[in-house]
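Hi everyone, thanks for coming. Let's take a few minutes to look at a structure together, starting with the whole chain and then going inside.

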Amino acid sequence: PTSAQVSVAPHSGRFCYTLDNDVLSTEQRQFYEDNGYLLIRNLVSDQDIERFRKEFTRICKREVKPPGVMIMKDESQKSQFGQSESVVNKVQDFQEDEELFRYCTLPEILKYVECFTGPNIMAMHTMLINKLPDSEQQTFLHPMHQDLHYFPFRPAARIVCAWTAMERAHQDNGCLVVQPGTHRTALKPHGYPQWEGKTNKLFHGLLDEDEKIPKVHLVMEKGDTVFFHPLLIHGSGINRTSGFRKSISCHFASSECHYIDVKNTTQEHLEKELQEMVCKKYNATSVELKDIWNFRARLVQGERINL
């Protein structure tokens with residue numbers, strides 16, 4: 001499937017996953033090149049995080065209803081709790097909520113994002129995750145996956161995710177787990193894991209996971225932010241605590257990236273699943289994967305070129 005193959009355009013010198021910049025040290029650039037992620041401590045302020053938390057609560061209580069936002073819930077508890085923090089596990093596509101979208105425009109975030117995307121920056125995918133306590137059903141265990149599986153645009157090297165912990169994330173409450181260096185591999189086939197009754201809609205995972213590749217648990221404090229490549233294999237464990245584990249994230253891409261046709265590739269079945277969801281929600285008759293992303297995408301800096 002040639003259209004889904006990943007190619008990395010070489011840049012100056014030995015770096016191909018980062019662009020020349022005056023923000024990252026040589027050591028930081030080399031770490032990202034080698035491992036596919038870079039953790040920056042204490043990047044987002046407590047004040048901003050508190051504002052994001054309050055807006056999440058307002059969305060849960062239906063005090064605000066941003067257009068286009070997708071509110072994902074624990075279906076098993078919906079009848080018991082209605083719509084509250086206790087049942088909402090994800091607010092996705094918040095690009096039309098001005099308060100949450102502020103995250104995507106924070107100068108302290110964008111100065112790092114530009115090191116990977118260049119100056120023309122699109123916010124492509126936004127999420128506030130509220131990982132619920134989940135010791136029994138394991139509903140919110142997100143299997144190991146590559147985010148590029150969801151994206152019909154390339155090149156992969158000009159896409160980066162910024163993921164900020166809104167409170168301390170550790171092994172007990174389901175912190176991110178990464179497999180360093182896997183960003184240098186190809187996009188692998190994904191699907192629903194064979195866990196009966198234990199997966200949420202679109203929580204796809206690798207169909208053939210290599211257990212021998214070492215895993216690193218990213219223990220993060222409130223405000224810490226990790227930037228990672230869309231081919232980096234990662235996931236998150238279950239939340240074994242009684243509290244919630246919140247994080248806010250955005251996938252950014254250079255507006256100079258281009259859309260690809262995913263037909264006859266490993267991403268084709270994802271397109272069909274999303275088409276069914278969108279057509280049902282918006283009563284549409286026909287939509288392509290790139291149309292969905294074009295609708296979601298929002299310019300945050302520079303010029304909108306292709307995406």
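So, of the 307 residues in this chain, 55% are buried, meaning under 20% relative accessible area with a 1.4 Å probe and protein chains only. Please keep in mind that this is a predicted model, where local features need pLDDT of at least 70, side-chain atom pairs count only at pLDDT 80 or more, and totals for chains, interfaces and linings use all residues. Residues are numbered from 1 along each chain as its sequence is written, and side-chain values use heavy atoms, with hydrogens and water left out.

The chain has seven helices and 16 strands; these are DSSP runs, numbered from the N terminus, with at least four residues (H or I) for a helix and at least two (E) for a strand.

Now, what lies inside? There is one cavity of 30 Å³ or more. By cavity I mean a set of points, on a 1 Å grid over the protein atoms alone, where a 1.4 Å probe fits but cannot get out. The volume is the space filled by probe spheres set on the points, which are joined across faces, edges and corners. The largest cavity holds about 510 Å³.

Who lines it? The largest cavity has 33 lining residues, and Lys-90, Met-127, Ile-129, His-142 and His-145 lie nearest its centre; lining means having an atom within 4 Å of a point. Strand 4 (121–131) is one of the elements supplying at least two lining residues, and strand 4 gives the most, with five. Helix 7 (289–296) also supplies at least two.

How values were computed: Buried means under 20% relative accessible area, exposed over 50%, partly exposed in between (1.4 Å probe, protein chains only). On a 1 Å grid over the protein atoms alone, a cavity is a set of points where a 1.4 Å probe fits but cannot get out, and a pocket is an open set with protein on both sides within 12 Å along at least five of seven lines; lining residues have an atom within 4 Å of a point.
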